[in-house]
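The following note is intended for a colleague who is meeting this structure for the first time. Its points are numbered so that each may be checked against the model.

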Amino acid sequence: MKGTPINYGVVKRKIEESRLTEISKASIREIKKLIDEIEKATGEKYIRMEMGIPGLPPSKIGVDAEIEALKKGVASIYPDIQGIPELKKEAARFVKLFLNVDVDPEGCIPSVGSMQGGFAAFIATSRMYKEKDTTLFLDPGFPVHKQQVKLLGQKWEKFDVYDFRGEKLRDQLESVLQKGNIAAMLYSNPNNPSWICFTEDELKIIAELADKYNVVVLEDLAYVAMDFRKDLYTPGKPPYQATAARYTDNFILFISSSKAFSYAGQRIGMMIISDKLFNKKCPDLKRSYNSDIFGNAMIFGTLYPLSAGVTHSAQHALAAMYKAANEGNFNFVEEVKEYGEKAKIMKKMFTNNGFYIVYDKDVDQPIADGFYFTFAYPGLSGEELIRELIFYGISAISLEITGSERTDGIRACVSLVQRSQFPDLEYRLKKFHENHAAKIT
Ligand SMILES: Cc1ncc(COP(=O)(O)O)c(C=O)c1O
């Protein structure tokens, strides 16, 4: 490998020292650590695309509310596990105004990031019925969710939705659900890593089949309102965030504050449990919990032993951000649109230099520009590509760890890349293309 922008010998040595035999199998945090070390050793700044850190300042509304709550002394008081009343109320309003879904505040429960919400949901949904002990992942997906089910020793199945878009989703989904072992199915929308956004028709299929086979829909809205093709900041008016929750009453939504509100550091998100699911009586729950009511099992049997609730001051912050958004005073979508704009420019740099977009279509439309995009280079496997890009000062993660069938692909996260780095990115991609173009047949 000649003429790489970053010192070849140092990069090679650091990769060896990391003992990551296959970089395409490394977790996001392992890649982060490796790149931190290469940056330290070489003094070169990487185009960091491996981790979905927001990259924008946190909402001032949240920070001010949190400071005020701390000054009032909330730090010394255990918060209610089910969440403070003002947060529950504003979360239910948020869901009504931005998703057009009615939920009782009782089912709006904070979690330590959406990450803990997912963990709690895997635990509780897999205990509802003896025969339903498996989670279905509509992949590609967020790798940590698989880590969670593995850690819990639970069963899971998956398929890559890219091959089953539109009406094709029905038969594929039904072929899995009709076996009767699936307790819940999880997908993110917009999707991490591909930025696919399910259409209303697809969400209806998911909802219909969830009802037919009594499966809980776990809808991960980590990027709520961030399908920038439509303006989704129209409180109380359409267009609304696309959601299966408008078509089924058997759901848990996970609304993260990490990306939409740039509040990742405070580790707070919301679990929104439909009224029907919250009140559902499942005698089999008694195997693990004191109560056979799902909502009680979730709050007092699952979240209590996990963390006994969520940081008190962070709950005040989120309540204030929801309230401001609900009242038309906090256009959070406008603040994060920058991600979509950067994605558009960056994708063009990649495609101008021989790369192609892997998940390139949303049914029949080009994929939207958002927080992530996926790319590959002709003639290189995902492992080869991710490894070689490190020598060119570019870091990302492999699609292999996301459950994707597209093992040629890489996920790029645009958030941490500054516009001032665009000339470096362009130069590095050009160099890469010069050194690899011969591989393209
Ligand atoms: C799809 C998806 N789900 C969940 C999370 C975790 O969100 P939180 O920071 O709220 O735990 C992320 C974070 O990147 C994500 O991309």
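Predicted model: local features only at pLDDT ≥ 70, side-chain atom pairs only at ≥ 80, totals over all residues.

1. Two strands are said to pair if DSSP finds at least two bridges between them. Helices (H or I, at least four residues) and strands (E, at least two) are DSSP runs, numbered from the N terminus. With these terms, strand E3 (residues 134-139) and strand E5 (residues 182-188) pair in the parallel sense over 4 bridges. Leucine 136 has methionine 185 in E5 as its bridge partner.

2. Residues are numbered from 1 along each chain as its sequence is written.

3. Domains. The domain assignment of the protein chain gives domain 1 (8-56 + 333-439) and domain 2 (60-326); such bounds come from an automatic or database domain assignment. The C-alpha centres of domain 1 and domain 2 lie 29 Å apart. Between them, 28 residues of domain 1 are in contact with 32 residues of domain 2, where contact requires C-beta atoms, placed from the backbone, to lie within 7 Å.

4. The side of domain 1 that touches domain 2. Helix H12 (332-352) and strand E12 (372-376) each supply at least two residues of this side. Its largest share, 5 residues, comes from H12. By class, the residues of this side of domain 1 comprise 15 nonpolar, 7 polar and 6 charged. Here Ala, Val, Leu, Ile, Met, Phe, Trp, Tyr, Cys and Pro count as nonpolar, Asp, Glu, Lys and Arg as charged, and the others, Gly among them, as polar.

5. The sheet that holds E3 and E5. In which order do the strands of the open sheet of 7 strands run? The order is E2-E8-E7-E6-E5-E3-E4, with mixed pairing. Strand E2 (108-111) and strand E4 (155-160) are the edge strands, and each pairs on one side only. From one strand to the next, the twist averages 20°.

6. The sheet of 4 strands. This open sheet has the order E9-E12-E15-E14 and antiparallel pairing. Strand E9 (356-357) and strand E14 (397-398) stand at its edges with a single partner strand each, so one side of each has no neighbour in the sheet. E14 and strand E15 (residues 410-413) pair in the antiparallel sense over 2 bridges, and serine 398 stands opposite isoleucine 410 in E15.

7. Backbone details. Which peptide bonds are cis? The bond from aspartate 139 to proline 140 is cis, with omega near 5°, and proline 140 is found in the loop between E3 and helix H6 (143-151). Another cis peptide bond joins asparagine 189 and proline 190, with omega about -5°; proline 190 is placed in the loop between E5 and H8. Asparagine 100, although not a glycine, has a positive phi of about 55°, and is found in the loop between helix H4 (85-99) and E2.

8. Helices H7 and H8. The axes of helix H7 (residues 168-177) and helix H8 (residues 200-213) come within 10 Å and cross at roughly 25°. That makes H7 roughly parallel to H8. Axes are lines fitted to C-alpha atoms, for helices over the stretch in contact, and angles run from 0 to 180 degrees between N-to-C directions. Angles under 35 degrees count as roughly parallel, over 145 as roughly antiparallel, 65 to 115 as roughly perpendicular and the rest as oblique. The contact is made by Leu169, Arg170, Leu173, Glu174 and Leu177 of H7 with Glu202, Ile205, Ile206, Leu209 and Tyr213 of H8. These residues divide into 7 nonpolar, no polar and 3 charged.

9. Helices H5 and H6. Helix H5 (residues 113-125) and H6 pack at an angle of about 40°, with their axes 10 Å apart. H5 and H6 are therefore oblique to each other. Met115, Gly118, Phe119 and Phe122 in H5 meet Val144, His145, Gln148 and Val149 in H6. The contact of H5 with H6 has 5 nonpolar, 3 polar and no charged residues.

10. Helices H3 and H11. The axes of helix H3 (residues 60-71) and helix H11 (residues 312-326) come within 7 Å and cross at roughly 140°. H3 and H11 are therefore oblique to each other. Among the residues that meet here are Ile61 and Ala65 in H3 and Ala317 and Met321 in H11. By class, this contact has 11 nonpolar, 4 polar and 1 charged residues.

Technical notes
Contact = placed C-beta atoms within 7 Å.
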